[in-house]
Amino acid sequence: MTARNAQERLLDVKGLTVEIDGRRGPAVIVDGIDLHVGKGETLGVVGESGCGKSLTMLSLMRLLPNKIKVTKGTAEFDGRDLHKMSTRELRKVRGGDIGFVFQDPMTSLNPVMRIGDQLCEPLIYHRKMAKADARKRAVELLRLVGIPGPEERLEAYPHELSGGMRQRVMIAIGLACDPKLLIADEPTTALDVTIQAQIVDLVKDLRNKLGMSVVWITHDLALIAGLADRVVVLYAGTVVEDAPVDDLYANPSHPYTRGLLASIPTLSDAPTARLSSIGGTPPEPGRRPAGCPFAPRCPLAMDICRREVPKLEPISSGGSHRAACFAVNKALKAA
Amino acid sequence: MSAEPLLRVENLVKHFHVRLGAFGEKAATVYALDDVSLDIQEGETLSLVGESGCGKSTTGFTILNLHRASGGKVIYKGQDLTRLDEKTMRLFRRDLQIVFQDPYSTLNPRMTVGEAIGEPMLFHKLTTRAQLKDKTAALLQDVGLPTRFASRYPHELSGGQRQRVVIARALACQPKFIVCDEAISALDVSIQAQIINLLLDLQEKYRLTYLFIAHDLAVVRHISTRVGVMYLGRLAELAPRDALFQTPLHPYTKALLSAVPETDPERERNRKRQILQGDVPSPLDPPSGCRFHTRCPIAMEVCSRTVPEWSAARPGHLVACHAVNSGVS
Amino acid sequence: MTLVQPNPAIIEEEPPVSLWRDAWHRLRRNKLAIFGLGVVVLLAFVAISGPYLTPYDFLSQDLAARNQAPSLAHLFGTDDLGRDVFSRVVYGTRTAFLVAVVVTAIALVIGTTLGAIAGFFGEPYDRIIMWLTDMAMSVPNLLLVVVINASLKNPIARWMEAQYMATLNPFYRETIWIDFFLVFGSMALISWPPYARLVRAQVLSIRTRPYITAAMALGLSNRIIMMRYVVPNALGPLIVSVSAGLGTAMVLESAFSFLGVGVNPPTPSWGNMISDGLRVWQHYPHLLAAPAFVLGLASVAFSFLGDGLNDALNPRGTK
């Protein structure tokens, strides 16, 4: 057992299944996902659009849109199942113990409320602070996320700030009540690279300062390389690989992870003309093939892959690196 | 570069007039493009990079006369495109095509894939009705789609498949030059690579010239012949690919390159980033002198006063920076 | 290193589905809308083939059989002049449909043309047309109709009389056409502004869609862009609006006829039948019930159909 495994788990999701009531009847979008986040750990959740990464996180907060429901699984946060809590208890967790940062700072801030009021709201609601104290704390928070002139900014409306500034405000709101866990859903996707670099550095810095756990949802494998302790790769609603960050990049195992890494051009490798790519497209929910969902696009696919669903199994000696692939496991046993 | 360029852009300027305030009472001008000059050689891929609002897409739109230029020239086949009326321009549209960022909204939802691809061929009389089906099928094969897709509607396709349709539609005009305006930005990583490869294959097959507009520097490095870096409506640097990535001169180019994340945890954790402070200023009220001086780590006094000259620091390597020009950096 | 080879794209074999067909599937699952559609089709059938369906002439009086309760001979009974109420309701349906279709058609042509010009060509047409539209909308409907009736009825009657004298064409003797001209004209005058606004808004919003820019970049002409790109995409909301407009026009015609400024007796209209029935409803309730029921049914049917079409053609709202 490595030190990381012995770590206490802050968030422990087991067998989470999410279904949508679609046009062709119910369809599974998230299929029995296991996820855990240790205290103080930063988990990167990587996947392409439609893989269920955002829905997984929204389901934890029971913020799923209509027609989408959790049908199976548990999600324990600090020893309590989020799905079994009363709405009242859950409200204390939302914005209190768990902070959220959404992708689009343009639409996730209330356009008719001043920044200061939006920041004070969770403090007054969750921490029962007096208005004056809440404002003091709000100024501290804005300073913490690196917004110049925080006192004046309290009076500003969201549209008066730039995209990067707005995302900093979103992070400040997420951090307002000293959460134990910060869930960031593609927080830099809408931003430019230089601003993205600012935000990534900010979150790294805050994590070290405040000692919280972070779940960073992204489609960008490069972005979280320097940020996460551990990475979970999702494909079509299932976890295909789960590994400590160094293992994952040094030794990607699942053919999907390998294909994904190979298809990202970088600034350091030789600029070959052609990129290696993964053919085909991910399956739509409700049209997932039998067996491994990646099998139709997989170069290593065997007969069994089209019949049975592979389980997430340890592939390293410590058991911290796991992959759900028949081919990888077969190669491992042969070796 | 002695060869006659396919397309020459001279001192292109584009201003947008907008109305601000709750009742549109304030008139304002967005200085979207200012004095942009570049040559595009036949068969090359010239990329334009920069952050949102830097004018890279406006450049593409203005070259194609989809936005009317406020000043400057775009010379193609000896004609200044900016002076043509829409009717005459239509004769050139066949040669000069564009692939847009969002494949979801650039296809008419009421037309099948086959109709979308066939329309420009029929309009420009590039085919007869009898041959239409075969030509459409050939184009679909060119972009790697099964021919049965001709009878499908856009909403039945995935993002990557739609982008292939959009590319096929551009190809249907038998163009010489294609502007790829963030053509892969809206696609997933694994699909991006497919489309990039497709664009490269087609370039080879049809000897196409691309103006590739993107914000992803790593992608740009893989496909470009030359790269231009834009900041707030002006070109900051323009150089052959390797020169730009290995020996960038402009401080903004250096900062951009240093902000790109890499798929290497060890290097990412330890690397010293040169992080630019602050945000891009508003194009409504761009800074005086060099527009980058408000965020530039090596800004000098002269930078806020005079616009730096657009000059060749080395052969083929153009840059607009006082520090570089005076040999300070 | 080409670890992953491209596989051919995987797509299941299903017939292609156009947005129109998709909308039809959605509409078919909506029971109320299908009910509405059924009633509308039935009423339209009745209106068109009216003379072949009715057992009696709507004007023929049978003074021996006045104010009869509904029976097998007279399905809806007879009125105070012994006329068959069923036949009159059927003719009323004719009147209602004729007015609704003609008025909607005129309003649609005026509204669509003006709206499209305003949306596509912009200033200064836009400003002038929108100013006209606002003017037309600001006039109180009923007042306008009353004024038109009071001021134009006599001149038109005199003109028709003069035409008859000059041409001896029997058409000009039919005073009933005076009613219809007045009703068509006045109602069309108040009905076109919503279409103009809708079409203008549609054109304005569609014009900014990327696929229009894409079509321009392909070098297509304005005419093709208008006919193949703008119009088909603007049609959905227009269809919904026409369906609702037909229902409104029917109700409006009945309301005006009820008040005596629409179609006047002896030409049957649901409105003037209700007006007649209302005077004696305590003694002969069927005289009120029959036209009122059919009017209610038609109004509800168009409303259900309109809602159903809206959900089917603009599916975003149904989530």
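Start with chain C, where the axes of helix 4 (residues 85–121) and helix 9 (residues 222–259) come within 8 Å and cross at roughly 125°. Axes here are lines fitted to C-alpha atoms, for helices over the stretch in contact, with angles from 0 to 180 degrees between N-to-C directions. Helices are DSSP runs of H or I, at least four residues, numbered from the N terminus. That angle makes helix 4 of chain C oblique to helix 9 of chain C, oblique being what is left after under 35 degrees (roughly parallel), over 145 (roughly antiparallel) and 65 to 115 (roughly perpendicular).

This is a predicted model, in which local features need pLDDT of at least 70, side-chain atom pairs count only at pLDDT 80 or more, and totals for chains, interfaces and linings use all residues. Residues are numbered from 1 along each chain as its sequence is written, and chains are lettered from A and ligands numbered from 1 in the order written.

Which residues make the contact in chain C? Helix 4 of chain C contributes, among them, C:Ala96, C:Val103 and C:Leu108, and helix 9 of chain C residues including C:Gly245, C:Met250 and C:Glu253. Contact means C-beta atoms, placed from the backbone, within 7 Å.

Now chain B: helix 4 (residues 129–142) and helix 5 (residues 159–172) pack at about 130°, axes 9 Å apart. Helix 4 of chain B is therefore oblique to helix 5 of chain B. B:Leu139, B:Leu140 and B:Asp142 of helix 4 of chain B meet B:Ala168, B:Leu171 and B:Ala172 of helix 5 of chain B.

Conventions
Helix = DSSP H or I, 4+ residues; strand = E, 2+ residues; numbered from the N terminus. Contact = placed C-beta atoms within 7 Å.
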